[in-house]
Protein chains: 2
Amino acid sequence: MLEFEIYDLLKSYNLNTPRYISFELDEVPSIDFYPVALKLSSSKVVHKSEYGAVQVNIQNKDDLIRNIELIKLNVASKGVKLDTCDKFLATEMVKGIELFAGIIDDEIFGKVILFGRGGVMLELDRDVCYIRLEADENEIINSINSTKISKIFRGFRGKKYDINLIIAFIKNIQNFIQKNETIKECDFNPVVLNDDGLFIVDARIKKDDTQKSIIENQNRHSFFANSNVAIIGASTNPSKVGFALAKNMSGFSGNVFLVNSSGGKFEGQILYKDIDEISDDIDTAFITIPQKYVLESIEKLISKSIKNIVIISAGFKEVGDFESEDKILNLAKKHNINIIGPNCLGYYEGSKNLNGTFATKDVKNGGLALLAGSGAVLSSLMDKASLCDIGFSHIVSLGNMIDLSYGELITMLENENECKAISLYIEGIKNPTLFIEAIKKSSKPIYLYKTGQSEAGKKAAFSHTGNLAGNYELFCGIMKSLGVNMVDNIEALIYKPLRKADNIAILTNAGGPATVLADLIVKKGKTLYELSNDDIKALDEVLPFNWSKNNPVDIIGDATSARYESALNVMMQNDKIDLIYVILTPQYMTDIKEIAILISQFKSSKIVPIFLGGGLIQDALKVFRVNKTLYFTSLDESVCFL
Amino acid sequence: MLEFEIYDLLKSYNLNTPRYISFELDEVPSIDFYPVALKLSSSKVVHKSEYGAVQVNIQNKDDLIRNIELIKLNVASKGVKLDTCDKFLATEMVKGIELFAGIIDDEIFGKVILFGRGGVMLELDRDVCYIRLEADENEIINSINSTKISKIFRGFRGKKYDINLIIAFIKNIQNFIQKNETIKECDFNPVVLNDDGLFIVDARIKKDDTQKSIIENQNRHSFFANSNVAIIGASTNPSKVGFALAKNMSGFSGNVFLVNSSGGKFEGQILYKDIDEISDDIDTAFITIPQKYVLESIEKLISKSIKNIVIISAGFKEVGDFESEDKILNLAKKHNINIIGPNCLGYYEGSKNLNGTFATKDVKNGGLALLAGSGAVLSSLMDKASLCDIGFSHIVSLGNMIDLSYGELITMLENENECKAISLYIEGIKNPTLFIEAIKKSSKPIYLYKTGQSEAGKKAAFSHTGNLAGNYELFCGIMKSLGVNMVDNIEALIYKPLRKADNIAILTNAGGPATVLADLIVKKGKTLYELSNDDIKALDEVLPFNWSKNNPVDIIGDATSARYESALNVMMQNDKIDLIYVILTPQYMTDIKEIAILISQFKSSKIVPIFLGGGLIQDALKVFRVNKTLYFTSLDESVCFL
C-alpha cells in the first residue's frame with residue numbers, strides 16, 4: 001500500500017495522521033499547514049531516503065517548488081522513470097513525544113498489539129508492552145503502565161499527558177485490526193503525542209491472506225471426581241513404575257482396581273488379569289503398560305464407562321510416533337474421555353489422598369494446585385515440598401498434552417473448593433484462546449513460570465515490531481496484564497502462593513548479611529516493615545542496649561538462642577509483620593542447633609530461617625528438615641518467592 | 001555564569017558548541033548560520049522557558065527581528081526590566097543524536113564524569129556510565145561500551161559513528177575539570193553528535209570554592225611475614241574468644257605466645273601473666289581482652305618491636321567511642337605499626353597454617369585471598385568453603401578499619417606468591433585514591449561484592465547529574481572500568497575465582513530443568529558448549545538411542561548411575577568443556593546416592609552437581625559434604641558464580 005492509501009485507511013478508523021495532501025507530479029498545491037515533509041509516493045522507489053525522495057522542513061511555497069524539482073532530479077539520477085501512477089505526498093511536520101505502536105502475528109497468541117516508546121532509537125530502547133486484540137480497558141492500562149515511557153502519564157518534567165488518549169488510540173487499533181483480517185503486521189513509528197493529540201506519522205502495513213483456524217472452547221466433564229480408579233500395569237516388581245504407583249495409591253479413600261496380565265496379588269490385593277474381569281465401572285484409569293498395548297486397553301476401558309485416562313506410558317510423540325497419539329485422541333473424542341499424558345508422571349488429588357504418581361509417596365493435602373509440563377520438575381518440587389510442610393489440593397503432570405492442557409484444567413479447578421491457588425510450570429501451551437479464557441474466568445490467584453526466556457534473543461525477520469517481540473517477553477506481558485503472577489524461578493511455584501510477604505522483618509546476629517538481604521528485598525519490590533515506637537520499646541525490654549533499634553533487628557554477634565527467642569516472641573505478636581527472615585551466621589558463641597530447635601518450635605510459616613555456613617550448621621539444618629521448616633542457606637535463594 | 005560565558009570557556013578547552021553570536025538588546029546582527037535559537041542571556045531571568053525568553057527554529061532576519069520583539073514583550077509582561085547588562089544569544093540549531101555529559105562530585109570518588117544518552121528523556125533512560133577524571137583511554141572505552149547508546153559506535157541502522165570523537169571529547173572534559181578546580185558540577189545536555197562533530201548545545205555549571213584534601217599513599221611494611229605471634233587474652237574458658245583463638249592457632253608453623261593475666265597453662269603451654277614476661281620479639285599480636293585494657297597492651301607490645309596488631313576486641317567506634325580509636329591510631333603511626341580492626345574476626349594465613357580467627361577451625365590452605373568488612377560474612381563464607389574444598393592464602397577481617405583498609409592490603413598481597421586471586425566484600429572504603437591505585441597496580445584478578453545496592457534509589461539534589469548517579473551504580477561502573485569483576489552475590493566471592501566457566505555443558509536426567517538452567521546460563525552472559533560430531537559419536541556409543549544428541553546432554557528419566565558414569569567419562573575427556581553441571585531429579589528408578597558417590601569420586605572442580613528435591617536426596621547431599629564436593633539444590637543458586 002502507498003503511504004496516502006494507508007493514511008486514508010487509518011483515518012476511517014479514527015486513527016489520526018498529520019494533515020497531508022497528495023498531488024500530481026506536475027502540480028504545486030497550496031498548503032496551509034507548513035512546515036511540511038515532502039515524499040515521493042511511488043511503488044518504484046521503496047527505500048525513499050536512499051533515493052533522496054524525502055525532504056523535510058519545507059517552510060513555504062517557494063521552498064516546496066524547489067524541493068519538488070530536487071526530488072525529481074534525485075530519482076532521475078538513479079535511473080527511475082516516473083509516470084502518472086506516481087504522486088507526491090506533503091505531510092505536516094508534527095513535533096512531540098515519539099511513541100510507537102505495531103501489530104505482530106505471534107505463533108501462540110495470534111495478532112498482538114505492541115505499544116511503547118518510538119523514534120529512531122526504538123530497537124535500542126525496547127521499551128514496549130504487549131496488548132491482546134481482545135484486551136479490555138483494564139488490561140490495556142496494566143500493559144501501558146508496564147512501560148517506562150508511561151511515566152509521562154503520571155507527570156514528567158512538570159507535564160502530564162492524558163492516558164485516555166492512548167487508551168482510545170489502542171481501542172481504535174483493536175477495531176482496525178479486527179475489521180481488516182488480512183493485515184498481518186503493522187508498524188507505526190513514530191506516533192507523535194503533543195498538545196493537539198496523537199498522530200501516526202509513519203505507517204507500514206504488511207498484508208497476508210492466509211487465515212488461521214480458531215479452536216473452539218469445549219464443555220468438559222471434570223477430571224476430579226473419582227471414586228473408582230484402576231491401575232493398568234500394576235506390578236509386584238519394585239523396579240517398575242506400576243509398583244510405585246500401586247504403593248503410592250494405597251492411601252486412596254476410594255476403590256483401586258489393579259490390573260496385570262500375569263495376575264496374582266499385590267500386597268494381598270487381587271491383580272486382575274484383564275480389564276474385563278472388573279465388574280465395576282471405572283472413573284479414572286492410570287496406564288503404565290508398554291506403549292504398544294495402550295490403545296487396546298483404552299478400547300476395553302470404554303466398556304467400563306471410563307471418564308478419565310492418565311497415560312503414564314512413554315514412547316509416543318517424543319520418539320516420533322504421532323500416529324498412535326492421533327488414534328488415542330480420536331477414540332477419546334468419540335467417547336467423551338479426558339486424557340492426561342501420555343509420557344507423564346501421573347496425578348495427585350489431596351482431599352481423597354489419591355497419589356496417582358510415581359514420584360515421592362510423601363505428599364501432603366493442602367490448598368495449592370500444581371500443573372506442570374515437565375514430570376521431572378514436578379517430582380523435584382513435590383520432594384522439596386515434602387521437606388517444608390507445603391500441601392497440595394491437586395498435582396497434574398501434563399506430559400505430551402494430546403488432550404487436556406492448562407486451559408481445561410484451570411477451568412475444572414474453578415469448582416474445586418480445596419484449591420486456593422494455582423501454580424503452573426509451562427514449557428508450551430496448546431490452545432491459547434481457551435487458556436486465556438480460563439485464566440480470565442478463574443477466581444483463584446495464578447502463579448506461572450515459563451521456560452524459554454533466552455529465546456528473547458531470537459529475532460524475527462520483517463519489521464521493527466518483529467524485532468521487538470521476544471516470545472518470552474510477549475508471553476509475560478500478556479499474562480501480567482491478565483493479572484497472573486509471573487515468577488522467576490521454579491521454587492517460587494510452591495513457596496510463594498499461600499504465603500504473604502508484603503511487610504517483611506529481618507532478625508539477625510550479623511549486620512552485613514542483613515544489609516545484603518534488605519537490598520535483595522527492596523530489589524524485589526517488597527517493603528521492609530518499619531518498627532513503630534511500641535515495637536522498639538518492647539524489644540528494648542528484652543534485648544541488650546546495643547541492638548540496632550531498627551529493622552533489620554540486629555541482635556549482635558554474641559546472640560544465643562535465648563536472645564533470638566526474646567526477639568521472636570515480641571516480633572511474632574505484631575500482626576502487621578507478614579514474614580520474619582531469621583539470619584544466623586556461625587559465630588563462636590552461637591548455639592546454632594538450639595536456635596534451629598527454637599525456630600521449628602514456633603511452627604509458623606511466617607518465620608523463614610536463613611542459616612549461612614557450611615559444616616557448622618548441618619545439625620541445625622537437620623532439625624529444620626525433621627520439623628518440616630522451610631529454610632535457606634543463601635541470601636539470594638531466600639528471596640526466591642518474594 | 002551566563003550561557004555565552006560558558007560557551008567561551010568551553011571553547012578554550014576544545015569543547016565545541018554550536019556557532020553562536022551574542023549581541024546587545026537593540027542590535028540586529030547579521031547571521032550566516034540560520035536556523036537559530038534565540039535566548040535572552042540575563043541573570044534576571046533564570047527559568048527562561050517559563051518567561052517565554054527562548055524561541056527556536058528562527059529561519060531568517062525578519063523572523064529574528066520578530067522574535068527579538070516577542071521576547072522583550074514576554075519578559076516585560078512578567079515585570080522584568082532589562083538593562084545594558086543583558087544580552088541576546090543566537091545559537092545555531094544543530095540536529096543529530098542527543099548525548100549527555102556531566103560532572104558529579106561523589107563523596108567517595110570525588111569528581112566523576114557521567115556520559116550517556118541525552119535529551120529530555122534523560123532521567124527516564126538512565127543510560128549512563130561513569131568515568132574517573134584520571135581514567136586512561138582504556139578505562140574510558142570500557143565505560144562508554146557499558147552504555148546502551150554505545151551501539152551507535154558499533155553500527156546501528158546502517159550508520160556507524162566514530163568512538164574516537166567521544167574519547168577525545170571525554171579527555172577534553174577531564175582536562176577542563178582538572179584545570180578548573182572550582183567547578184563542582186556540570187550538566188551538558190544535549191551534546192549533539194552528527195556528521196559535523198560533537199556539539200555541547202546546553203550547558204550548566206555549578207561552582208564551589210571548598211577544596212578537598214588528598215590523602216597520600218604510604219609505604220608500609222607487610223602484614224604477612226610472621227614468625228612470632230602472641231595472643232593477648234588467650235583463655236582456658238571455652239566460652240571465650242581467647243580460647244577459640246588459641247585452639248585455632250595450634251597448627252601455626254611459627255611460635256605462639258599466650259598471654260593471660262591469671263597465668264596458668266593452656267593445654268600444656270605457658271600462659272604468660274604479662275607481655276613483659278615474653279623474652280622474644282613479637283611480629284604480630286592478636287588482642288582479645290576487654291576494650292579498656294587494649295591501649296595499655298599496645299604500649300607494652302611496642303617494647304617487643306611489634307610490627308602488626310590485630311585488635312579483635314570490640315567496644316570502639318561501633319558503640320560511640322571514637323576517642324580510643326584515635327589514641328590507638330596515633331600510637332600506631334608513631335611506631336610504624338600496622339593495625340587490623342578493632343572489632344574484627346581476626347586473620348588467617350594459609351602457607352603458615354596461621355588461623356588467627358575465632359571462626360571455624362576447618363580452613364584449608366589455597367590460592368584465594370578474602371578480605372571482608374563484615375566478620376559475620378567471613379565466618380559464614382569460611383564455613384561454606386569448608387564444605388567444598390576451597391582453600392585460602394589469606395583471610396582478613398577488617399573490622400572498624402582504623403588503620404589498614406582494602407587498598408593497603410591489596411598492595412601487600414601483590415608480593416604474596418601463594419595468592420592467585422583476591423575477593424573483597426565491601427560495605428565502605430576508607431581511602432579511595434589509595435584503593436584505586438592498589439587495584440590498578442595489582443596483577444591478580446579481583447572479585448568484588450559491594451553492599452548498599454538499594455541506595456541507588458537515593459536521589460541527590462541539584463542537577464540531572466546528581467539524579468543519575470546512584471552511589472552503587474557509580475561504584476560498580478568505576479570498578480568495572482578498572483577491570484574488577486563485580487559479583488552479585490556473596491557466595492560468588494569464594495566459588496567464582498580459580499574456577500573457569502567459559503564453555504559449559506549440562507548433563508541431566510530431565511529436560512525441563514535443563515532448559516531452565518540453559519536460560520540462566522545464557523542470561524549470565526556465558527556460553528553453552530556446542531557438541532562436536534566427535535562428541536556426539538562418542539556419546540552415541542555409550543548412551544541409549546533417545547538421548548538428546550545435543551548440549552544439554554539429556555540422558556532421559558530412567559538414567560541410573562551407570563549411564564551418568566558413561567556420559568561423564570566421555571565429557572570429562574573433552575578439554576574444551578570448562579564446567580559440567582550435573583542435574584538430577586529424583587525419578588522412581590534413579591539411584592540417587594550412587595550417582596552422588598560417582599560424582600564425588602571424580603574429585604574434579606569441573607563437575608558441579610545440582611540435585612533437585614527434598615527428602616529423597618538428603619543421603620546424596622551428605623555424600624557430597626563428606627567428600628567436599630560443591631553442590632547445589634536449586635537451579636537459580638547454581639549459577640551464582642558465573
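**Notes on the predicted model**

1. Helix H15(A) has 13 residues and spans 18 Å from its first C-alpha to its last, close to the 18 Å expected at 1.5 Å a residue. The expected span is 1.5 Å times one less than the number of residues in the helix. Helices (H or I, at least four residues) and strands (E, at least two) are DSSP runs, numbered from the N terminus. The model is a predicted one, in which local features need pLDDT of at least 70, side-chain atom pairs count only at pLDDT 80 or more, and totals for chains, interfaces and linings use all residues. Residues are numbered from 1 along each chain as its sequence is written, and chains are lettered from A and ligands numbered from 1 in the order in which they are written.

2. H15(A) is mostly covered, with 11 of its 13 residues buried. Buried is used here for a residue with 20 or more other C-beta atoms within 10 Å of its own, exposed for 12 or fewer, and partly exposed for those in between, with C-beta atoms placed from the backbone. Among the buried residues are A:Gly511, A:Pro513, A:Val516, A:Leu517, A:Asp519 and A:Ile521. After the helix comes A:Gly525, with a positive phi near 80°.

3. What do the buried residues of H15(A) pack against? In chain A, the partners are strands S25 (503-508), S26 (527-528), S27 (553-554) and S28 (579-584) and helix H20; from chain B there is helix H9 (375-386). Contact means that the C-beta atoms of two residues, placed from the backbone, lie within 7 Å.

4. Between the chains, 60 residues of chain A are in contact with 61 residues of chain B. On the chain A side, helices H6 (241-248), H9 (375-386), H15 (511-523), H19 (618-626) and H20 (635-638) each supply at least two residues. H15(A) gives the largest share, 9 residues. By type, the chain A side divides into 24 nonpolar, 23 polar and 13 charged residues. Ala, Val, Leu, Ile, Met, Phe, Trp, Tyr, Cys and Pro count as nonpolar, Asp, Glu, Lys and Arg as charged, and the others, Gly among them, as polar.

5. How are the two copies related? Chain A can be laid on chain B with an RMSD of 0.1 Å by a turn of 180° and a shift of 0.0 Å along the axis. The copies are thus related as by a two-fold rotation axis. In chain A, the C-alpha nearest that axis belongs to A:Glu637, at 3.1 Å. The superposition is by least squares on the C-alpha atoms of residues with pLDDT of at least 70 in both copies. Since 100% of the interface residues of chain A are also interface residues in chain B, the copies meet through the same surface.

6. The domain assignment of chain A gives domain 1 (19-92), domain 2 (97-207), domain 3 (228-317 + 325-333), domain 4 (344-498) and domain 5 (503-638). These bounds come from an automatic or database domain assignment. The C-alpha centres of domains 1 and 5 of chain A lie 72 Å apart.

7. Helix H2 (residues 61-77) of chain B has 17 residues and reaches 24 Å from first C-alpha to last, close to the 24 Å expected at 1.5 Å a residue. Its buried residues are B:Leu64, B:Asn67, B:Ile68, B:Ile71 and B:Val75. Seen down the axis of H2(B), these fall within an arc of 110°, so they line one face of the helix. The arc is that of the directions from the helix axis to the C-beta atoms. They pack against strands S2 (36-41), S3 (54-58) and S4 (87-92) of chain B. Exposed residues on the other side of H2(B) include B:Asp62, B:Arg66, B:Glu69 and B:Ser77. B:Gly79, which follows H2(B), has a positive phi near 85°.

8. Two cis peptide bonds deserve a look. The bond from A:Asn189 to A:Pro190 is cis, with omega near 0°, and A:Pro190 is in strand S8 (residues 183-194) of chain A. The bond from B:Tyr34 to B:Pro35 is cis, with omega near -5°; B:Pro35 lies in the loop between strand S1 (20-24) and S2 of chain B.

9. A:Asn343 has a phi near 65°, a positive value in a residue other than glycine. A:Asn343 sits in the loop between strands S17 (338-340) and S18 (346-349) of chain A, and is buried, with 23 other C-beta atoms within 10 Å.
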